[in-house]
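Thanks for making the time this morning.

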Amino acid sequence: MKALAIAAVDLRRTLRDRTNLVFVFVFPLLLVFVLGTAVGGVAVPRVGVAVAESGPLADRLVAALAAQGAGISVRRHSVGELAPAVAHGELDAGVLVPAGYDAAIRAGHAVTVEFVARPGTVGTRVGSVVRAVVGHEAGRLRAGLFVAAERGVPLDDGLRGVDGVAASLPRLSVSARTVGTDLDTGGRFDTTASTQLLLFLFVTALTASVALVETRRLGVLRRMLATPTSTAAILTGEGLGRLTVTVLQGGFMMVATALLFDVRWGDPFAAGALMLAFASVAGAAGLLMGSLARTPQLASAIGILLGLGLAALGGTMMPLEFFTPFMRTVAHVVSPHAWAVDGFTALGRGGGFGDIAVDLAVLLAVAVVLTAVACRRLRRELPGGTSRSALTRGAGRS
Amino acid sequence: MRAVLILAGKDLRLRLRDRSAVLIAVVIPFTLALIFATVFGGNETPRPFAYAVTDLDRGPVAAAFVDVLDRLAERDIVTVRRVADPAEAAELADGGTIDAAFVLPAGIGTDGTAAIEVIGNVNAPTAADVARSLAAAFVDDLTSVRVAAVAAAGEPHDPRRIAALAERAARFTPPVSVVDVSAQRRILDTRTWFAAAMAVFFLFFTVQFGVSSLIEERAGGTLGRLLAMPVPPGAVLTAKLLTSVLFGASSLAVLIVATTAFMGASWGAPLAVAALAGAAVLAATGVTAVVASLARTAEQAGSWQAVLAMLLGMLGGVFFPIERVPALKALSWATPHGWFLGGLGELAGGGSLREVLPAVAAMCGFAAVTGAVAVVRLRKAVRP
């Protein structure tokens, strides 16, 4: 019972601070909203096409790019604004048809179309589509130029001949289809909500360890031992306090995102259990940090580092599927987030307890180990330094 | 003036001895930038796309296509495995073992209506799109040669003449090609971007160690003792602000050098980077000083500053690509972070001091406004 009282004090201390409330409850929801709006869902790559000098051939290329049918939105853009728009991210990529495009082709010179993209897979994808479209146009022009040269006619006549033959000639084609199970659960906010949940649970738990560091520094722990309270009760209370804050935050985020953003967490019991397991890891990590750090500043500094670093490594900012196999292994070795991300992904795809059993087991095991280490550290700091009640060993020694 | 330097020197020495200050100023931003760049950088230079090819034709045309793939494999752009059975290829794509499979049908070279089948895994849309584009480019090339030959031959239809023309047409280079100029444009690469984002984000925490110590000195009673000495109150305030500026500037300088040396970040023209960094330090000091002037206790100042630093960082686009939402992008210009990162973007394409002047001016504007408010408010705090 005393453990509960200690936990309650801990909880009150955390919730009384208004800036804490902002960090624990408001920020995470805000981030889910902003991130979900910014990067959630299936984004259609936006490509700008700028034509430095208009002409029938240049316009035809633009029309072909616009009609590519590969799920890319192509819009006309001004020449001067194209590169800045890509640089600022208003566009994912840009295509610049140079001045003198028509004239150069008619004269039989080679022309280069400039392609500029932001780094990343979207750029790679758009680049391949643009190359294919330009390649198709280049093929037609090459045939037209060849015919014009062979028969001594203007290019436009050559192209007319080519188009006529192309329409009647049986041609090789490409048929494309996709297979496999779609990993995208579809909801705009689904992935964002679960990854932000993990990120914030861990950061909160680690930064909350500042309170424990202060408790230790001020000698509150030792004074508590002067009362008829066992070391076990104190440790349980401190641990429970950490856990309650994280679980409160986790539960709040799950319910709020489900109500506000229509996030589907999957099987509610399994999702709840997974959140609890991860919250235990986070709470235990906070307890360990609180038992190790010498100053509150050090605790919050390392809390930010571990909270953001492990989250990034664990696939909360970039899906684990995009990691190289080596980095995926690293993620699962160092970051508890990776296991929880796997679990939430499985649940999002309609999985149940059976599908997340391994993830749950790993998380709980980590939580137990971290708690055990933290308790050992804290016990050693208390007078007597053993597990027996400090009262029998002379709590007044300090 | 001497008093200012002595006070600031004392504060700086204290901070350098304080392990958590050094952690926040240098170690954490550097480590996080390294982690982010590793996690996200893998995406920038993708692993080779894993393809499989099934050749049911075994003729020269199919061989030419496999040859195209092999040449890409030599450059580590793709990996190609040969699979005899088309069903097996589809299964590999289905299970995600490969990103996409090509099935080259029998008669690809002779039957004009044959189709190259591209089977892509649904979770590898980029690799599947690239596969489709590769096949399309190959088919387009073949078709254009055939069409050119037939159109040039005209009537009557003479297969031998067409074959001879096709050979000539194949040597005719297509007049249009695509050149990727991304590297020359004003886009920060992933490593530099994360180095800069983390540096400016933690700068707003680093500068707190100067101004906020004013509150600590007041609480600890040392401020009163300082003011009892023959030191003008303005000197104490100036010293605190100077500490913030110097500590912030040195942390940025160390981060810029360290990320360049150990992470391969390329910040751009040194003079322009220095101007941007200096302006950012001033802006951060100003903003932080305003918060310090409003807070009653050091804890309060610390948590308000943390909230503000998070909020400004978030809006400034430090954590995620806000430019996807135009309204958020517009908001980012209301933060020093947005201007700092924008200014560095101008430098990525080889810009110089002139290109970053707007960003420098904007951040100096932040510094001037917030600094004025802070000085007016804090002057009261250091009145004896």
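Let me start in chain B, where helix H12, residues 270-294, packs against helix H15, residues 336-348, at an angle of about 180°, with the two axes 10 Å apart. At that angle, which is over the 145 degrees that sets the limit, H12(B) is therefore roughly antiparallel to H15(B). This is a predicted model, so please hear everything I say today as a description of a prediction.

If you look at the residues that bring these helices together, H12(B) contributes Ala272(B), Val273(B), Leu276(B), Ala280(B), Ala283(B) and Ala284(B), while H15(B) contributes Pro336(B), Phe340(B), Gly343(B), Leu344(B) and Leu347(B). Sorted by class, the contact of H12(B) with H15(B) has 10 nonpolar residues, 1 polar residue and no charged ones.

H12(B) also has a contact with helix H7 of chain B, residues 190-206, and here the angle is about 40°, with the axes 9 Å apart. That angle makes H7(B) oblique to H12(B), and the crossing of the two is right-handed. On the H7(B) side the contact is made by Val200(B), Leu203(B) and Phe204(B), and on the H12(B) side by Ala280(B), Val281(B), Ala284(B) and Thr288(B). The residues of this contact of H7(B) with H12(B) divide into 6 nonpolar, 1 polar and no charged.

Which residues touch the most other members of the largest nonpolar core? In that core of 163 residues, they are Phe278(A), Leu276(B), Ala280(B) and Met363(B). Leu276(B), setting aside residues up to four places away in sequence, touches Phe340(B), Gly343(B) and Leu344(B), and also Val356(B), Ala359(B) and Val360(B). There is a second, separate core of 93 residues, which includes Ala132(A), Ala148(A), Ala127(B) and Val147(B).

Turning to chain A, helix H8, residues 190-217, and helix H10, residues 231-261, pack at an angle of about 150°, with their axes 10 Å apart. H8(A) is therefore roughly antiparallel to H10(A), and H8(A) passes H10(A) in a right-handed crossing. Among the residues that meet there are Phe200(A), Leu201(A) and Thr204(A) from H8(A), and Arg242(A), Val245(A) and Met253(A) from H10(A). By class, this contact of H8(A) with H10(A) has 11 nonpolar, 5 polar and 2 charged residues.

Also in chain A, Ala284(A) is found in helix H11, residues 268-292. Is Ala284(A) buried or exposed? It counts as buried, because it has 26 C-beta neighbours inside 10 Å. Leaving aside neighbours within four places in sequence, Ala284(A) is in contact with Ala367(A), Leu370(A), Thr371(A) and Ala374(A).

Finally, the contact between the chains takes 86 residues from chain B and 87 residues from chain A. On the side of chain B that touches chain A, the elements giving two or more residues include helix H2 (19-44), strand E4 (115-121), helix H5 (125-153) and helix H13 (298-315). H5(B) provides the largest share of that side, at 22 residues. By class, the residues on that side of chain B divide into 49 nonpolar, 20 polar and 17 charged.

Technical notes: Residues are numbered from 1 along each chain as its sequence is written. Chains are lettered from A and ligands numbered from 1 in the order in which they are written. This is a predicted model: local features need pLDDT of at least 70, side-chain atom pairs count only at pLDDT 80 or more; totals for chains, interfaces and linings use all residues. Axes are lines fitted to C-alpha atoms, for helices over the stretch in contact, and angles run from 0 to 180 degrees between N-to-C directions. Helices (H or I, at least four residues) and strands (E, at least two) are DSSP runs, numbered from the N terminus. Angles under 35 degrees count as roughly parallel, over 145 as roughly antiparallel, 65 to 115 as roughly perpendicular and the rest as oblique. A crossing is left-handed if the near helix is turned anticlockwise from the far one by less than a right angle, and right-handed if clockwise. Two residues are in contact if their C-beta atoms, placed from the backbone, lie within 7 Å. Ala, Val, Leu, Ile, Met, Phe, Trp, Tyr, Cys and Pro count as nonpolar, Asp, Glu, Lys and Arg as charged, and the others, Gly among them, as polar. A nonpolar core is a set of buried Ala, Val, Leu, Ile, Met, Phe, Trp, Tyr and Cys residues joined through C-beta atoms within 7 Å. A residue is buried if 20 or more other C-beta atoms lie within 10 Å of its own, exposed if 12 or fewer, and partly exposed in between; C-beta atoms are placed from the backbone.
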